[in-house]
Amino acid sequence: MGEPILEIVDAGFGVALQDLGRRGWKRFGVPPGGALDRHAARLANQLVGNLPDAPVLEILYHGACVQARRRIEVALTGAAVSTGRPGDWHTFWLSDGEALAIAPPRAGVWSYMAVSGGLAGTRWFGSVSAFPRGGLGSVLESGTVLERPVHPFVPLPPAIGRRWIDPTEQRDYLYPPAFRVWPGPQWQLFSEATRGAFFGQSWTVSSRSDRTGYRLDGGPMSCAAEVIPSEPVLPGSIQVPPDGRPIITMRDGPTVGGYPKIGLLDSAQLSWLAQCRPGQRIRFVVAST
Amino acid sequence: MLLRIDTFGPDALLVRYASKGDAAAFSRGQALLTHVDSHPPAGLIEATLGFTTMLLEFETGQCPDRALLEVMLEGVVREAPAEVGPGRSLELPVVYDGPDLKRVAEIAGLSVGQVIELHSSTEYRVRLLGFSPGFAYLDGLDQRLHTPKLATPRPQVPAGSVAIGGEHTAVYPAATPGGWNLIGRTDTPLLDVARAVVGSREAFGLRLGDAVRFVPVDRFHS
């Protein structure tokens with residue numbers, strides 16, 4: 001086994017290992033999984049010199065506390081450092097025994113912590129992304145000790161003190177952009193008026209949102225066909241169930257679905273959406289090439 | 001219509017090859033997937049089947065020309081047989097004691113005994129894998145047993161639950177949230193987590209095309 005480097009002292013609202021997910025298993029019903037905010041996860045890895053797909057901790061809201069089991073270089077990105085102050089996404093060192101607690105973030109939902117050299121974890125169909133809802137692994141419990149991979153990716157030279165990222169890459173989740181939406185396969189089933197209702201109003205992210213899907217509250221929409229034969233779904237698909245309140249499929253969402261899809265959120269912005277909290281208001285615009 | 005390809009955002013295509021999910025649609029889907037697996041267009045990330053559609057996902061900026069792909073895949077559909085023969089034959093022992101068994105019987109206007117008799121006297125076919133890992137939609141459910149899904153899904157359904165959802169029946173391979181009517185349970189494992197860890201397709205107990213029979217038992221042997 002690898003060397004113990006980090007203990008989850010308290011899992012708080014929830015801590016899981018995530019990478020960029022898996023490919024090729026959707027046809028068996030296995031969702032892609034992986035970090036919901038790929039932008040923040042990638043940057044955390046980049047900061048500490050890891051490959052983009054290296055496992056990182058995905059931390060929900062706050063309350064989580066981790067403790068170093070040896071001196072390690074780490075980076076924290078996402079909600080916990082959505083401070084609005086440029087330069088706050090940077091690397092730092094934790095000494096042996098030093099703890100790091102995640103305080104309630106000012107904005108955003110998910111925080112990402114990367115450890116230089118990476119973290120080892122069980123993989124299911126090639127990804128460390130557990131899928132508890134489908135019988136594959138579980139989120140990390142308090143007391144879990146994470147290990148360095150047996151063959152860690154060779155990290156940066158130790159001389160590097162504190163790396164930081166371009167402040168324009170550091171997102172402030174208080175101010176989401178307008179989300180670009182491509183017409184979905186059932187676009188034609190929605191009337192002109194219904195499409196207008198979708199793009200013309202601001203929607204509220206529902207508290208019934210999780211890694212499988214983000215639900216939206218607002219003026220309900222209507223659709224010509226209530227259900228269609230189940231077809232494959234992409235993360236970012238905007239499905240309209242019979243109650244007219246859209247569901248945006250996230251990375252742990254069902255691989256097939258029978259609700260008509262009005263559109264597809266631009267994949268580059270799905271990470272942004274993932275950081276929008278329940279109660280936050282968002283708007284959509286028609287995407288074009 | 002033989003085939004139509006719609007865009008699904010800038011980097012994915014949805015190939016629609018049938019209007020309803022019958023035996024002919026299944027045969028077309030199998031032929032298309034086999035073709036795409038053996039002749040993948042450059043940049044293809046993965047191909048996934050629905051009942052009447054196939055999703056093709058590509059690397060950013062590598063989505064091929066729709067018209068060209070349409071011509072190629074139309075040929076595949078044209079040559080697909082009307083039906084494909086069954087795959088493996090499997091028997092799953094079932095204890096019919098699910099919490100929704102009575103509901104299914106009431107909606108059908110049948111006795112519980114008749115529901116069990118009808119459900120276990122059919123040979124089903126695996127028509128679709130999807131929803132959650134290894135979840136197999138089985139075709140062939142007697143029309144009298146077609147039952148709408150629950151208005152509110154259960155937060156947790158035990159692994160091995162035998163269920164009816166609309167016109168399909170299925171077994172939940174793992175403990176998951178679920179909205180289908182639970183009529184019984186089987187002890188045959190349909191998701192092997194150890195094989196999921198090594199990344200083997202053998203992790204899934206059911207494959208597309210398998211013929212499945214449910215055998216009523218009072219209790220399991222082990």
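Student: Which residue does the side chain of Asp210(A) meet in a salt bridge, and what is the N to O distance?

Tutor: Happy to. The partner is Arg133(A), and the salt bridge that its side chain makes with Asp210(A) has an N to O distance of 3.6 Å. (A salt bridge here is a side-chain nitrogen of Lys or Arg within 4 Å of a carboxyl oxygen of Asp or Glu.) This is a predicted model, in which local features need pLDDT of at least 70 and side-chain atom pairs pLDDT 80 or more, while totals for chains, interfaces and linings use all residues. Residues are numbered from 1 along each chain as written, chains are lettered from A in the order written, and side-chain values use heavy atoms without hydrogens or water.

Now for the setting. Chain A has two domains, domain 1 covering 3-169 and domain 2 covering 179-286, with bounds from an automatic or database assignment. Their C-alpha centres are 28 Å apart. Domain 1 of chain A brings 29 residues to the contact and domain 2 of chain A brings 19, where contact means heavy atoms within 4.5 Å.

Between them the two domains of chain A bury about 1,800 Å², and 49% of that is on carbon and sulfur atoms. (Buried area is the accessible area, 1.4 Å probe, lost on putting two parts together, summed over both.) On the domain 1 side of chain A, three residues stand out: Lys26(A), Leu36(A) and Trp110(A) supply 32% of the area buried against domain 2, more than any other three residues.

Salt bridges between domain 1 and domain 2 of chain A number two.

Chain B and chain A bury about 3,200 Å² between them, with 63% of it on carbon and sulfur atoms. Chain B gives 43 residues to that contact and chain A gives 36. Four salt bridges are counted between chain B and chain A. Arg16(B) and Glu231(A) form a salt bridge, their closest N and O atoms being 3.3 Å apart. Among the elements of chain B that each supply at least two residues to the side touching chain A are strand E2 (12-16), helix H1 (23-38) and strand E3 (44-49). Strand E3(B) has the largest share, with five residues.

Notes. Helix = DSSP H or I, 4+ residues; strand = E, 2+ residues; numbered from the N terminus.
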